[in-house]
Amino acid sequence: MNGLYLVFCYKINKLCNNSVKKLFDFLWKYAYNKNIDYTNEGGEMYEMIEKFVIYLTDVKKSSTNTVLSYRRDLVKFNKFMEDQGIIDVSKMNPTNLNSYMLYMEKEKLATSTISRNVATLKAYFGFLYRDGYIISDPTTQLKAPKIEKKMPEVITIKEVDLLL
């Protein structure tokens with residue numbers, strides 16, 4: 001039934017106006033994201049993620065890829081926090097966030113990935129703080145790792161001559 005519903009949504013997508021099309025595009029990609037098991041989500045932390053997703057799509061008008069990336073990052077973050085025994089978003093503090101950063105480094109994630117996760121967490125907790133869901137923002141001191149810039153490769157005079 002679920003697969004049939006998605007096929008129906010996809011076909012409806014072809015007939016709808018632009019705003020409905022964006023919603024169906026989002027749902028279509030969300031349903032087929034193979035990287036994360038979304039089936040066991042529940043509880044307050046996931047409700048907060050969904051509120052944030054609505055904010056991103058309705059208020060910030062973020063792209064589908066941005067929304068999907070932020071949501072994926074937050075689901076992974078919340079799973080990590082749940083594994084640490086933290087199930088209340090208002091109980092999260094800078095120490096918890098730093099332990100998540102260390103975990104990502106230990107997992108050998110690229111600095112660009114860790115940097116994106118920091119941006120995600122800052123946006124998420126900023127939203128929660130502005131909307132009164134939490135009384136302080138634990139990300140104010142959180143710093144993204146420096147992304148190493150690679151020097152451009154210099155070509156030889158012979159290679160320049162070959163190009164001309």
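1. A salt bridge here is a side-chain nitrogen of Lys or Arg within 4 Å of a carboxyl oxygen of Asp or Glu. By that rule the side chains of R71 and E50 form one, with an N to O distance of 2.5 Å. R71 belongs to helix α4 and E50 to helix α3 (residues 44–59), so this pair ties together parts that are 21 residues apart in sequence. Keep in mind throughout that this is a predicted model.

2. R71 has a relative accessible area of 2% and is buried, whereas E50, at 31% relative accessibility, is partly exposed.

3. How many salt bridges does a search of the whole structure find? The count is 3. Another of them joins the side chains of R116 and D73, at 2.7 Å from N to O. Here R116 lies in helix α6 and D73 in helix α4, so the pair ties together parts that are 43 residues apart in sequence.

4. Is D73 buried or exposed? D73 is buried, because its relative accessible area is 2% and the cut-off for buried is under 20%.

5. The remaining bridge is between the side chains of K91 and D88, with an N to O distance of 3.9 Å. That value should be read against the 4 Å limit used for a salt bridge. K91 counts as exposed, at 58% relative accessibility.

6. On the fold, the protein chain has 7 helices and 0 strands. From the N terminus on, the order of elements is α-α-α-α-α-α-α. Of the 164 residues in the chain, 32% are buried.

7. The second largest pocket has a volume of about 230 Å³. Its lining is made up of 14 residues, and those nearest its centre are K76, Y100, Y103, M104 and L109.

8. Which helices supply at least two residues each to the lining of the second largest pocket? They are α4 (64–83), α5 (94–106) and α6 (111–130). Helix α4 gives the most, with 6 residues. By type, the lining of this pocket divides into 5 nonpolar, 2 polar and 7 charged residues.

9. T95 is in helix α5. At 59% relative accessibility T95 is exposed. T95 and P138 are 43 residues apart in sequence, and their C-alpha atoms are 8.7 Å apart in space.

10. Finally, the surface carries a nonpolar patch of about 450 Å², made by I155, V160, L163 and L164. L164 sits in the segment after α7 (157–163). L164 is exposed, because its relative accessible area is 82% and the cut-off for exposed is over 50%.

How values were computed:
Residues are numbered from 1 along each chain as its sequence is written. This is a predicted model: local features need pLDDT of at least 70, side-chain atom pairs count only at pLDDT 80 or more; totals for chains, interfaces and linings use all residues. Side-chain values use heavy atoms; hydrogens and water are left out. Patches are made of residues with over 30% relative accessible area and no salt bridge: like charges are joined within 9 Å, nonpolar side chains (Val, Leu, Ile, Met, Phe, Trp, Tyr) within 5 Å. Accessible areas come from the Shrake-Rupley method with a 1.4 Å probe; for residues, only the protein chains shown count as cover. Helices (H or I, at least four residues) and strands (E, at least two) are DSSP runs, numbered from the N terminus. Buried means under 20% relative accessible area, exposed over 50%, partly exposed in between (1.4 Å probe, protein chains only). On a 1 Å grid over the protein atoms alone, a cavity is a set of points where a 1.4 Å probe fits but cannot get out, and a pocket is an open set with protein on both sides within 12 Å along at least five of seven lines; lining residues have an atom within 4 Å of a point. Grid points are joined across faces, edges and corners, and a volume is the space filled by probe spheres set on the points. Ala, Val, Leu, Ile, Met, Phe, Trp, Tyr, Cys and Pro count as nonpolar, Asp, Glu, Lys and Arg as charged, and the others, Gly among them, as polar.
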